[in-house]
Amino acid sequence: MKIKLLNTSQANFNKRLNDHLSLKQSAFIGSSMGGMILQNLLSRYPERASVGIISNSSSLINTTFQFFIQAQYEFLTSQSPAEALIKAGLAWGYSYDFLSQPGMLESMITLRLNNPHPFTLTGYAGQMDALRDLDNGTLLPTIPHPCLVISADEDIILPHRKSTRLLGQ
């Protein structure tokens, strides 16, 4: 499965970075997909971490979000207008209160259109494949560290009810 390779690859990269920096132990923070990678890191290299902070993450991806990223990929490959794709993505990633602030939507669209390092189709497809089969449930009981789990009740990609699966494991 690609997610296992992605998780393992990212966990190994973080371990090598700590080795390069001569860090024996570190506190790690991971948000969203980074929280999923952090679960793998804490499980695989418990001796390298002192604590973990996992924010707006889960051990599983919401099925409706899987539908969304598949549809986004289809829109990307059909060369849909960039501004329309950005608006659709912003609606998933930000709250109504945030986006309804005067000028915020236009500012966010401009920021994304001018991104010097935009997502590539290859990168998007890789992330989509990695998320499709994600299930870190078996890793959770093997994490020996105290972890602070933070979630938001308005997060529609990784809702609070998904983050609670991380508690008590």
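Buried here means under 20% relative accessible area and exposed over 50%, with partly exposed in between (1.4 Å probe, protein chains only). Helices (H or I, at least four residues) and strands (E, at least two) are DSSP runs, numbered from the N terminus. The model is a predicted one, so local features need pLDDT of at least 70 and side-chain atom pairs count only at pLDDT 80 or more, while totals for chains, interfaces and linings use all residues. Residues are numbered from 1 along each chain as its sequence is written, and side-chain values use heavy atoms, leaving out hydrogens and water.

The partner is strand β2 (residues 49–55), paired with β1 in the parallel sense over six bridges; for two strands to pair, DSSP has to find at least two bridges between them. Opposite Gly 30 stands Ile 54 in β2.

Between them comes helix α2 (residues 33–44), and β1, α2 and β2 make a right-handed β-α-β unit. Right-handed means that, with the strands pointing away from the viewer, the path from the first strand over the helix to the second runs clockwise. α2 is mostly covered, with ten of its twelve residues buried, among them Met 33, Ile 37 and Leu 41. From first C-alpha to last, α2 reaches 17 Å, close to the 16 Å expected at 1.5 Å a residue; the expected span is 1.5 Å times one less than the number of residues.

Now for the aromatics. Rings of Phe, Tyr and Trp (its six-membered ring) pair if their centres lie within 6.5 Å; planes under 30 degrees apart count as stacked, over 60 as edge-to-face and the rest as tilted. There are six such pairs in the structure. Phe 65 and Phe 68 are stacked, at 5.9 Å centre to centre with 25° between the planes. Because they sit three residues apart in helix α3 (residues 63–77), about one helical turn separates Phe 65 and Phe 68. Both are buried, and together with Trp 92 they form one aromatic cluster.

Phe 119 and Tyr 124 make an edge-to-face pair, because their ring centres are 5.7 Å apart and their planes lie at 75°. Phe 119 is exposed, at 58% relative accessible area, but Tyr 124 counts as buried at 13%. Tyr 124 is also one of the buried residues of helix α7.
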